[in-house]
Structures are given as C-alpha cells and as structure tokens.
Amino acid sequence: LAYRPALDGEANLALVVYLLLQDRVDAALKAFARIDPAQVAERVPYDYLKAYLAFSQSDPKSARRIAREYRDYPVPRRRNLFGEVLAQCDQIEGDAAAAVDPENRDQTQTALAATQPAFDFAVEDGEIRLDYQNLKSVAVNLYRMDLELLFSRTPFLMDVSDQFSIVRPNATETVELAAGKTARTIAIPKEFTSANTMVEIVAGGLRKAKPYYPHDLTVQVIEAYGQLQVVQSKTRKPLPAVYVKVYARQTDGKVVFFKDGYTDLRGRFDYASTSASDVQGVERFAILVLSDEAGAVVREAVPPTR
C-alpha cells in the first residue's frame, strides 16, 4: 500500500484489519472513517467491521442494528459472525449469551461461562463492594485478626486467608441478592469497622477471602536512607510512639527478625540499622506499622545502598 499514490476503499478496508490485529484501535477507527462505502466492492466485510468497531466506541446499539440485517444471511460462516455480534450485545445488556455456532469452541465456552455462578469483591471504607452473576445469595463470614501475630508468622506472605479455613467466624450473615442485578454493597457491622478483619464470602460452591485493614495512617518509606515516617492521613500530623516491627529476607532466602521499636516525635523510624546487624546480605525488608488508635499497615522495602 505504501507504493500506491492513494488508498481506495478496498485498501483502507485491508488496512483497518491489520491495525485491529495489532490492537491499534484508534488508528483503525481513523482509517475506517476514510472509507467511502460506495467504493467497496463487497458490503458484508465493511458492515462487519463497522459493527465490530462500534463496540470500541461503546455503541452496542449500532452494532446490533447492523447485525440484525444479516440474521438470515444465506452463508452460514458470515451469518454466524453477525450472530456473535448480536450475542455479545445481549450479554452487554445482561442476558446470558447463547452460542451461535455449537462447533465454535470459543463461543461455546463463552455461553457456558455466562451461565455459571461467579463473584468478586473489594473491601474499603467499611463496605464490601460485591460484583456477581447467577447468584441468589451469599454467606459473609467475618474473622477478627491479630495482625502482629500473622505478620510474625509470614511477614512476606500476607495472604493469610487459608489460615481461617478451619476457624469458626466471629460473625456470619446471609445476604440475599436481587435478581437482574450484578452488584451489591454490603455494610460491615460496626463492631468490625475499626478492627483488622478477614472477610470471607461463600456462594455457588466458591469461596474467596480478603483482609480488611482499617487505618488512618500514611507511611512514607525512604528506601535510600532506610527510614520511614508515619503521619495521620486526615490531619497529616506526625504520629509518635507508633510500633514498628521489621523482618529481613536474606539473600539465601532465610527470613529473620531484624528489629522493632517506636517512631520518634517526628513520626520517624530507622528500620535498616541496628547495633548488632547490618544490611549486607539483606535482600528485602517487611515492615509492620501498628498504632492502637490509627490502625496498621504492612510495607516492603529494599535495603539502602551502602
């Protein structure tokens, strides 16, 4: 195409395909806008690309309008392509997608996935934000956590959800989910909003757990000097007398206790130096910052260069 004085409709159509194969969607949209449909020998590829690109412009209604014209197209392969466009439009609107071509593995897998129960969630600011499909209810289990104990056991592996699988929860609640919806916000009970808590959700044969660490701490780690500063997030005031516990992972893979102590009046703490140890041989630090009033956070840092 570079040797042509100008690109006709067919050439631009080929260019759009190559740009899409490279995930260069913006450039593909610009190239497609230059195409005059009257200059295209065959209208079907043009209409399919137009419907395809409509999804990139968050315009499934246009994609559906184009695809409907080919619902009864006599060539099965092309009819199925537009049928898949219609199926994706249905899925975007919340309906389960049906496989257009039963011999197409990708379409069949997509259709089956749309009928399976699934969920994910995030915990923040005292709320559980749940996203789900094909579920009528979920069980929410809450476990209080001793964060310092868990940190001391696995300072570099703070995914401790498996440690609660055989423990009875401190509280449990069954939450009904509205039909036709895919999202729900669940308030964490007041007695847990200020406590380090493992939140577990069980539904549809699935189990997921995520930790909730409520805190009002901002921890600035200055790795070049092996120091950190703790301030209150809302007021930005330094927090003195905040407990800090440090573990070190050595270059041989061994994890050892390194030091602990409290922040000074400036909210500062030197985590990388001790009278008995040196950072030589340390690959990484795991740092627990724990305040009785402001909560707790865990950070990791590399040792300063000496």
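Strand 3 pairs with strand 6 (residues 197-203) in antiparallel orientation through 6 bridges. Within this pairing, Ala-139 has Val-202 of strand 6 as its bridge partner. Strand 3 (residues 137-144) is also joined to strand 4 (residues 171-176), again by 6 bridges and with the two strands running antiparallel. Here, Val-140 stands opposite Glu-173 of strand 4.

These pairings belong to a predicted model of a chain whose secondary structure consists of 7 helices and 14 strands. Of the 306 residues in the chain, 38% are buried. Among contacts with a separation of 6 or more, 54% are made by residues 24 or more positions apart.

The largest nonpolar core comprises 21 residues, and the residues with the most contacts inside it are Leu-228, Val-230, Val-246, Tyr-271, Phe-285, Ile-287 and Val-289. At least two residues of this core come from each of strand 8 (217-222), strand 9 (227-232), strand 10 (243-250), strand 13 (282-291) and strand 14 (295-301). Strand 13 provides the largest share, with 4 residues. Beyond its neighbours within four places in sequence, Ile-287 is in contact with Phe-151, Leu-228, Val-244, Lys-245, Val-246, Tyr-271, Val-297, Val-298, Arg-299 and Ala-301. Another core, of 19 residues, lies apart from the largest one and includes Leu-130, Val-140, Phe-192 and Tyr-212. Val-140, a member of this other core, is the residue that stands opposite Glu-173 in strand 4.

Two polar residues were examined individually. Thr-263 is located in the loop between strand 11 (255-262) and strand 12 (268-270). Its relative accessibility is 6%, so Thr-263 counts as buried. A polar atom of the Thr-263 side chain lies 2.8 Å from the backbone oxygen of Leu-239. Leu-239 is also among the residues in contact with Thr-263 when neighbours within four places in sequence are set aside; the others are Val-230, Pro-240, Ala-241, Val-242, Val-244, Arg-268 and Phe-269. One of these, Val-230, is listed among the residues with the most contacts inside the largest core.

Asn-12 lies in helix 1 (residues 9-21). With a relative accessible area of 4%, Asn-12 is buried. Not counting residues up to four places away in sequence, Asn-12 touches Leu-7, Ala-31, Arg-34 and Ile-35.

How values were computed:
Residues numbered from 1 in each chain as written. Predicted model: local features only at pLDDT ≥ 70, side-chain atom pairs only at ≥ 80, totals over all residues. Heavy atoms only, no water. Buried < 20%, exposed > 50% of the residue type's maximum accessible area, 1.4 Å probe, protein only. Contact = heavy atoms within 4.5 Å. Polar contact = N/O pair within 3.5 Å; in protein donor to acceptor, adjacent residues only side chain to side chain. Pairing = 2+ DSSP bridges. Core = buried A, V, L, I, M, F, W, Y, C linked by side-chain atoms within 4.5 Å.
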